[in-house]
Amino acid sequence: MSSIHSNDYSFTKEILSNEMFTLTGDSSDVWIISVNGLNVTTDITENPVQWTGIKNLFCWNMASGGGYALGRTTLNGYNDFDKTGKPTPLWFAPINNLQSYKLLNLPFNAPVGELSYQMAEAIYYENAFWMACMDGGIVRLNPADQQMETFAPVKDPNVHIDSYDLHSLDFSQGKLWIAGKKALWMFDSSATDKQWTKIEDSVISVDYYSDLRVRSTADSNTILFVTAIDSINESSSDTTIYTYDVKKNKWATFLKNAGRYVSFSFGHKNEIYLLDNKLNRIRLFNAPHDQITNDLTKPFGVEITQIGQKSVDYASRVNNAEGAPVGSILSEIRYVETPTDTLLQISSSEGLFYSNNERADNINGTPFTLVRRFVPIESELKKTYAYPGILLAGTEGKDSYATFAYNLAEDDDVTIDIFDYNMDHVIRIVDKAPRKAGKNTPQGRSTNLKEDRWNGTFKNRSGSKTVAPGVYYFRIKTEKGNRSFGKIIVAKS
Amino acid sequence: MEKLSLQKVKSPLYIYISLLVILIGVIPAESRGLGGLGGAFLRAPVGANAFGRGGAYTANPQYLTMWWNPAALFNVKKRVASLGTGYRTLNRAEAMAGYEFRIPPRLALGLSVLYRGDAKIELYDNDEYPLAPAHYTTFTMKLAGAYLISRKATAGFNFNVLYQKIPTGGNQDSIAYSSTNTIGFDAAFQYKINKKMTAAVVLKNIFTTFSWEFSDGLSPIGADTLPASVNVGFEYKGTLMGKPFIWTSDIIGYAFNGNFKGLDKKSAFFNNGFRWEKWDILALHVGVRDWYFNRDFIKKPKEYWSTFTVAPTMGCEIDFSKQMKKDFKVNYGMAFDKVGKGISIDQQLDFVLNF
């Protein structure tokens, strides 16, 4: 079910949506883009965490640092061009005063409708924001006065334009490392002539570079982790993650078949987190640099599945987060170490999972904490509703299950039934299931996200079958005699 | 009127009860009604008279006969017009109208329309934001014809047109709807056993199949064929305290769909109603509706009774004929809903003019 958004930003303290995508931040601040806008906290280690929401702000490729935040806006959540055909502006704000945001235009006189000068990724480093702007080069933004400078590799007429398309960047040892579509660059901003160096990559066969991350080593070296797509044919291609040792000028293979779409985050010491969006799973790897070989056919990454006596089972930790629903689709993963905490965050279609004490060598197996949008509901079953109210029975997406939102005044046993328009009984969802009063739950409601939901089916002799399209009525009743009714529309796909 | 006589009623009553016993033995235990199958908006009684009498109106209905038993169109003396409305719990509303007339010597025709819907549906999206107000709408038209086979036997036939509209998308500002329509048929046979007893059999929703075309990018679901029903009705006219006392009873069985393919959920319901014409201008109605049967009734009585529900009904008919010099009646019927929504009740009111 789609929503129509405007670009009228409004500020709130609520979590805007559980369907979360982009995840970024600097240290303990966390920025999340969801289907309804942006949510941010300046400190996820606080208890309780304080959130600010900006409805209708869709900022991709966000970066934060130095007390500021920057991102690329879109129109209606997906258009990269405004109504006149120009690239949409940047959104820039001080973190402690988001309402004083500014919209900044990139310093390009790009032809109207040209995508090739948009901001593809940004980072904060050396007191400035640095942006990879596709064929426009690198742009440096000074947060203090929002002045921008542009740096571009010298255009070689013999080099096809596809070599640029700068879209991913990171920094290490005072240098910027940038990935274009078919080439990798090092940019030394401190050099007098602002030197660009193209990295020799002829030993690896790459169709398309999709991501670049850089790790500094204790011996002042830089290791590039580069994700390459094997083929532009989406249905058949996969990715390979290569490493490039800058000092040794050596390529190696970290991991093959990493996943068609993968979210990558460095972890503790040599660990690396990968979130495979296609398979919807999190994997933890060790990347011991002393295991790097010259043989590109032998990946050196080692998957960690057990630490001591404990298995590294992120799936169960996600599912066992208090109140976690089933069926989360994981989007991005982010690991950050601060002087006092080790933070791991995972955005998903069902909220943000996070841990503030995630030591890879000391995983204690406790579930993540889940951040979700919960609208306050009157207690004593005075109000109840199902969301989404229009259920697409027989599908696999978010609209395939309706969850019943309700709030009990005291702990009680709950029975939930579904009836059709003629009040004929369709199915019993739960039967005298114990539920806590909303005041006794972190979400402030009694709903059990795993059980109090309906997928639009009824039981028959062969298992289950989707009900006929129409309006259905659900009843929630408690053993102490309270009851409440609500309505659901079942539309099939 | 003769007093109630068990002798004369024995044979047809035995047949009727035998049918019920057979159904109890045949209906599987896991069948708990028709919930989830299409056509739910068709299953509630139409007409306040029937509403107050437990929905047992198949044998010998006096108006809106096309809904109950088109073969009974010959109950109409010349012409009858009816108009009614109803309100049920959880904002369900309805309105109905009918016109029936005879074409001597052997034909009768009728037309009825019914609106049923829910005009106030509050919906929320995935993130619990409220959507714009929504509604559910259905319309059903029945065009009926009947033929007088003999003084005791009549046959009837309905041609039905059905329409449904449901919300299938939207946001805070507006709702997108999808709709479907279809045709279907009913067939009926009525037999007046004697002056006191009438029996009828009606086969409903033959070849009635909805094909939805969703308006907002959802692919069509294909055919949704409604369950057909076999309605066996029985009426007995007796007396109580010297006044006419009429017992009507329906057994409604669902075993196959409109294309005669077996249903996953086979069900049988037993409706009973009573009418007592205690006064000249006022008749009282009472009944019990939607008493479902399956094998648990005998094999697992504890489980059967733990999930048992029925809808008690009551109503009345006020006859204004003397005051208005015309055959004009007002009917009111009410039913306690099956889901226990406090003391809320479903109600219907209609006006019937014979002319």
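Predicted model: local features only at pLDDT ≥ 70, side-chain atom pairs only at ≥ 80, totals over all residues.
A salt bridge links A:Lys487 to B:Asp118, with 2.9 Å between the closest N and O atoms. By the rule applied here, 5 salt bridges cross the interface of chain B and chain A. Across that interface there are also 21 residue pairs in polar contact, counting those with both residues at pLDDT 80 or more.

The side of chain B that touches chain A draws at least two residues from each of β2 (92-103), β3 (107-121), β5 (153-170), β12 (262-276) and β13 (282-293) of chain B. Of the contributors to this side, β5(B) gives the most, with 6 residues. By residue class, the side of chain B that touches chain A comprises 21 nonpolar, 14 polar and 19 charged residues. In total, 54 residues from chain B and 55 residues from chain A take part in the contact. The area buried between the two chains is about 4600 Å², and carbon and sulfur atoms give 54% of it.

Strands β10 (residues 229-240) and β11 (residues 243-256) of chain B run antiparallel and are joined by 11 bridges. Along this pairing, B:Tyr236 stands opposite B:Trp247 of β11(B). The hairpin of β10(B) and β11(B) has 2 residues between the strands, and B:Met241 in this hairpin adopts a positive phi near 55°. β11(B) is in turn joined to β12(B) by 11 bridges, again in the antiparallel sense. Here B:Ile251 stands opposite B:Phe270 in β12(B). The hairpin of β11(B) and β12(B) has 5 residues between its strands, and B:Phe260 in the turn has a positive phi of about 65°.

Two further backbone features of chain B lie in loops. B:Leu64 has a positive phi of about 50° although this residue is not a glycine, and its place is the loop between α2 (48-52) and α3 (65-68) of chain B. The peptide bond from B:Pro104 to B:Pro105 is cis, with omega near 5°. B:Pro105 is found in the loop between β2 and β3 of chain B, and both of these strands supply at least two residues to the side that touches chain A.

Attention now turns to the sheets of chain A. One open sheet has 4 strands in the order β22-β23-β24-β25, with antiparallel pairing. Its edge strands are β22 (262-266) and β25 (302-303) of chain A, each of which pairs on one side only. Strand β24 (residues 281-286) of chain A pairs with β25(A) over 2 bridges, and A:Asn286 has A:Val302 in β25(A) as its bridge partner.

Strand β30 (residues 351-355) of chain A and β31(A) pair over 3 bridges, with A:Val371 in β31(A) as the bridge partner of A:Leu352.

Chain A also contains a cis peptide bond, which joins A:Tyr387 and A:Pro388 with omega of about -5°. A:Pro388 is found in the loop between β32 (385-387) and β33 (390-393) of chain A.

Definitions and conventions
Residues numbered from 1 in each chain as written. Chains lettered and ligands numbered in written order. Heavy atoms only, no water. Pairing = 2+ DSSP bridges. Contact = heavy atoms within 4.5 Å. Buried area = accessible area lost by both parts, 1.4 Å probe. Salt bridge = Lys/Arg side-chain N within 4 Å of Asp/Glu carboxyl O. Polar contact = N/O pair within 3.5 Å; in protein donor to acceptor, adjacent residues only side chain to side chain. Nonpolar A, V, L, I, M, F, W, Y, C, P; charged D, E, K, R; others polar.
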